[in-house]
Amino acid sequence: MNEPRIRFENIAKRYGALTVLDNPDIPCNGKVMNEPIVRFENVTKRYGALTVLNELNLSIARNEKVCIIGPSGSGKTTVLRMLMTLERINGGVIWVDGEPLTHVQKRGQMVLASDRHLRRVRGKIGMVFQHFNLFPHMTALQNCMEAPVSVLGLPKKDAEARAAELLEMVGLSGKKNHFPIQLSGGQKQRVAIARALAMRPKVMLFDEVTSALDPELIGEVLSVIRKLGAEHDLTMLMVTHQMGFAKEFSDRVCFFYDGKIIEQGPPDQLLGNPQNERTRQFLSAVLEANS
Amino acid sequence: MSIWDWSYVWEALPYLYRGAIVTVQATLLGFAIALVLGLVFALIRQSPNRYVSIAVTEIVEFIRSTPLLLQVFFVYFVGPQFGIVIPAWTAGIGVLGIHYAAYCSEVYRAGILAVEEGQWEACTALNLSRQRTWRAIILPQAIPPIVPGLGNYFVGMFKETPILAAIAILEMLQQAKNFGAEHYRYTEAIIMAGFFFLVFSLVASAIVQSVSLWLNRRYHLQ
Ligand SMILES: Nc1ncnc2c1ncn2[C@@H]1O[C@H](COP(=O)(O)OP(=O)(O)OP(=O)(O)O)[C@@H](O)[C@H]1O
Ligand SMILES: [Mg+2]
């Protein structure tokens, strides 16, 4: 019984020149665990003549919690938006769970994927926005039921039960039937988190989710995120200016500057003892602003 | 001969009644077409296909820049020369509806563009289909605020129905005029028609306002 039912031994997988897998040999119920769940490969993003990201490479492991920090305009939001397919990429490939996100392989060439492919892969990703983007004409509960019912085809009753469960998890079981306008910023953001979770994503993206909140409401949202990280198998990619939270919560911090990751590492190291001059400057500026 | 004679009022009533029915019918049917077709125009203009959206934009622009009367004449009088014979009633209401659809499409468009970009992004992030995004998220937010704008065109169209007289449709004002011609007496009939237009406009405005209020409340919008 010690022998695993499925074992990968020295498997490599390439599409053309792209190496998707390189000797993954850690078996776990047939799932290749050391294959990154998200991988940016030479991803380039331009707005007109402005190159925002230039050949970005970034791999994120399953269940890894990664924080992205960096000055304004360095491309942090853009990274998340590309992964959520809110922005087209101009070059490179984004891999999600072993598949290219926006392209498919056809006769050795990468061609733009169909809407169906896009929706299937996108279903593995959820996103929480800085400005919540809740549906104002729906209650908290309806916000969390809409996509499970209309996209996943869940029966209304099941979707409602799950939505209620999620709202309870974010501490809002008493606000189920409230409309967004009747909620505080912190409550809205927690509904938004529950709404994204209702789709059972494997990867959750958070873009400065506390930046629009009054200081006294930030804690309640961060503690929900903390709880999520502890209790669920979720990969989290988070843009934040909350250095304290990044330090305590993340497995890795990436410092973006001018569309590049110029330093990354475990939070203690990156935040406590940064090697790059730019990182040091940024951190001391943030520290000053917060004191 | 007195300035105002009640006996003419009673005599004119049946004429005006028949005319009023035609006028109200034309308005309701024409506006139903305008509402539906206007939305279709507005949706097509949002199409990701640039050629399609430009084509519809041009059509809308064209309809808005030529007189309603000319369009009615064109369909009713020029059509038959090319073998397209459309009964007056159909042509009249159809043209009225299409003409106002062009105006309504602009109103819809303003409503659609006023919906925050973030709503679209949330729909993408939740993987909603395009159709579902429109139906369940965008339109319920886009339409309630523009009901007053649509209502203006409703009243406006009502007031333009006398144009239908030009293709021999006996709407209310035409009936009043006919009555006047037959009895050599216009005062009562014309004033009564005016009074009816006024009352209907006021009632229509009140209805529009309550629909607007109801929709905004129903969808919890400001
Ligand atoms: N839609 C757009 N059109 C043109 N330029 C854009 C667009 N969106 C972003 N940019 C530019 O791309 C660059 C990166 O933007 P991005 O929003 O990713 O920065 P960020 O790191 O998230 O900054 P912030 O901390 O201010 O949120 C900026 O220079 C920005 O001006
Ligand atoms: Mg940003």
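Q: Why is A:Asp97 called buried?
A: In this predicted model, A:Asp97 has a relative accessible area of 14%, and a residue counts as buried under 20%, as exposed over 50% and as partly exposed in between, with a 1.4 Å probe and protein chains only; A:Asp97 is therefore buried. Local features need pLDDT of at least 70, side-chain atom pairs count only at pLDDT 80 or more, and totals for chains, interfaces and linings use all residues, while side-chain values use heavy atoms, with hydrogens and water left out. Residues are numbered from 1 along each chain as its sequence is written, and chains are lettered from A and ligands numbered from 1 in the order in which they are written.

Q: What makes the pair of A:Asp97 and A:Lys202 a salt bridge?
A: The N to O distance between these side chains is 2.7 Å, and a salt bridge requires a side-chain nitrogen of Lys or Arg within 4 Å of a carboxyl oxygen of Asp or Glu, so the pair qualifies. A:Asp97 lies in the loop between strand 6 (91-96) and strand 7 (99-100) of chain A, and A:Lys202 in the loop between helix 5 (185-197) and strand 11 (203-207), 105 residues apart; helices (H or I, at least four residues) and strands (E, at least two) are DSSP runs, numbered from the N terminus.

Q: Why do B:Arg64 and B:Glu61 count as a salt bridge?
A: Their side chains meet at 3.7 Å, N to O, and this is within the limit, so the pair counts. Both residues lie in helix 2 (residues 50-65) of chain B, 3 residues apart, about one turn of the helix. B:Arg64, at 29% relative accessible area, is partly exposed, and B:Glu61, at 37%, is also partly exposed.

Q: What makes A:Ser72 a polar contact of ligand 1?
A: An oxygen atom of ligand 1 is 2.6 Å from an N or O atom in the side chain of A:Ser72, and a polar contact is a pair of N or O atoms within 3.5 Å (within protein, one must be able to donate a hydrogen and the other to accept it, and residues adjacent in sequence count only if both atoms are side-chain atoms), so this pair meets the rule. A polar side-chain atom of A:Lys76 likewise lies 2.7 Å from an oxygen atom of ligand 1.
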